[in-house]
Amino acid sequence: MKNYHFAQNFRELYSKATELYASGQRGADTFFTTAEKAWLAANGLTAQHLYDYAEDQNDSNEPGYDNALMIEFIRRAYFIEKQGGRASTTVFDEAKLPAKTATARGIEWLPRIIPKARAKLRGELPANLMFCCGGDRKFFKTHDILPAEFLSVVWNHENDDNAIIGWVAARSSTARKAAA
């Protein structure tokens with residue numbers, strides 16, 4: 001694995017996925033060669049991650065390459081530093097997610113996005129669940145949070161929901177004051 005070229009290689013695969021999706025090709029497993037899938041795996045990523053970005057990029061012009069790169073850079077760092085380059089064999093159970101309307105300190109979606117972020121960090125999201133989906137993006141925009149920034153906060157306070165909730169509440173308060 002060559003670390004220095006991660007962003008360049010990621011951009012090439014991101015662009016390829018976006019173009020294939022735009023051309024009508026479907027199915028994450030059909031997008032990449034065996035060597036490209038091996039590169040993704042060596043960096044803690046999957047074809048599904050890029051497929052999800054390509055789908056949303058084509059459908060809503062979001063989250064965009066920059067956000068995708070930052071998110072996957074954090075995931076990659078976690079994979080290398082915390083997981084020693086070994087993929088988790090666990091798949092997060094989507095049924096355990098709190099309701100979309102659940103709140104923490106009055107902040108809707110926050111109880112839902114914390115376990116999603118943990119699962120993203122660990123590479124445990126099921127194929128049908130995306131970190132930085134439309135609902136997540138609405139949360140991030142409302143509270144003026146970069147998706148990768150949130151992922152980093154979750155990593156820094158991995159086992160402390162109260163610290164994560166406190167950080168978001170403070171950020172959200174600042175965002176509300178700035179908008180006023």
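Is Asn-61 buried or exposed in this structure? Asn-61 is exposed, because its relative accessible area is 58%, where exposed means over 50% relative accessible area, buried means under 20%, and partly exposed covers what lies in between (1.4 Å probe, protein chains only).

The structure is a predicted model, in which local features need pLDDT of at least 70 and side-chain atom pairs count only at pLDDT 80 or more, while totals for chains, interfaces and linings use all residues. Residues are numbered from 1 along each chain as its sequence is written, and side-chain values use heavy atoms, with hydrogens and water left out.

## Backbone features in the loops

Asn-61 is found in the loop between H3 and H4, where helices (H or I, at least four residues) and strands (E, at least two) are DSSP runs numbered from the N terminus. Although Asn-61 is not a glycine, it has a positive phi of about 60°. The loop between H3 and helix H4 (65-81) also holds Pro-63, and the peptide bond that leads from Glu-62 to Pro-63 is cis, with omega near 0°.

A positive phi in a residue other than glycine is also found at Asp-144, with a value near 55°. Asp-144 lies in the loop between helix H6 (134-143) and H7, and it counts as exposed because its relative accessibility is 52%.

## Two helix pairs

Two packed helices are described by the angle between their axes and the distance between the axes. Here the axes are lines fitted to C-alpha atoms, for helices over the stretch in contact, and the angles run from 0 to 180 degrees between N-to-C directions. Angles under 35 degrees count as roughly parallel, over 145 as roughly antiparallel, 65 to 115 as roughly perpendicular and the rest as oblique.

| Helix pair | Axes come within | Crossing angle |
|---|---|---|
| H1 (residues 6-22) and H2 (residues 34-42) | 12 Å | roughly 130° |
| H4 and H7 | 8 Å | roughly 20° |

The axes of H1 and H2 cross at roughly 130°, which makes H1 oblique to H2. The crossing of H1 and H2 is left-handed, a term used if the near helix is turned anticlockwise from the far one by less than a right angle, with right-handed used if clockwise. On the H1 side, Phe-6, Asn-9, Phe-10, Leu-13 and Lys-16 meet Glu-36, Trp-39 and Leu-40 of H2, contact meaning heavy atoms within 4.5 Å. By class, the contact of H1 with H2 has 5 nonpolar, 1 polar and 2 charged residues; Ala, Val, Leu, Ile, Met, Phe, Trp, Tyr, Cys and Pro count as nonpolar, Asp, Glu, Lys and Arg as charged, and the others, Gly among them, as polar.

For the second pair, the axes of H4 and H7 cross at roughly 20°, which makes H4 roughly parallel to H7. The contact is made by residues including Asn-67, Met-70, Ile-71 and Ile-74 of H4 and Pro-147, Ala-148 and Leu-151 of H7, and the residues of this contact divide into 9 nonpolar, 2 polar and 1 charged. With neighbours within four places in sequence left aside, Asn-67 is in contact with Leu-146 and Pro-147.

Helix H7 (residues 147-156) is mostly covered, with 7 of its 10 residues buried, among them Phe-150, Val-153 and Trp-155.

## Aromatic pairs

The whole structure contains 14 aromatic pairs, counted where rings of Phe, Tyr and Trp (its six-membered ring) have their centres within 6.5 Å, with planes under 30 degrees apart called stacked, over 60 edge-to-face and the rest tilted. Phe-6 and Phe-10 form a stacked pair, at 5.9 Å centre to centre and with 25° between the planes. Both lie in helix H1, 4 residues apart, about one turn of the helix, and both Phe-6 and Phe-10 are buried. The rings of Phe-31 and Tyr-51 have centres 5.1 Å apart and planes at 65°, so this pair is edge-to-face. Phe-31 lies in the loop between H1 and H2 and Tyr-51 in helix H3 (residues 47-60), so the pair ties together parts that are 20 residues apart in sequence. Phe-31 is buried, with a relative accessible area of 1%, and Tyr-51 counts as buried at 11% relative accessibility. One aromatic cluster is formed by Phe-6, Phe-10, Tyr-14, Trp-39, Tyr-53 and Tyr-65.
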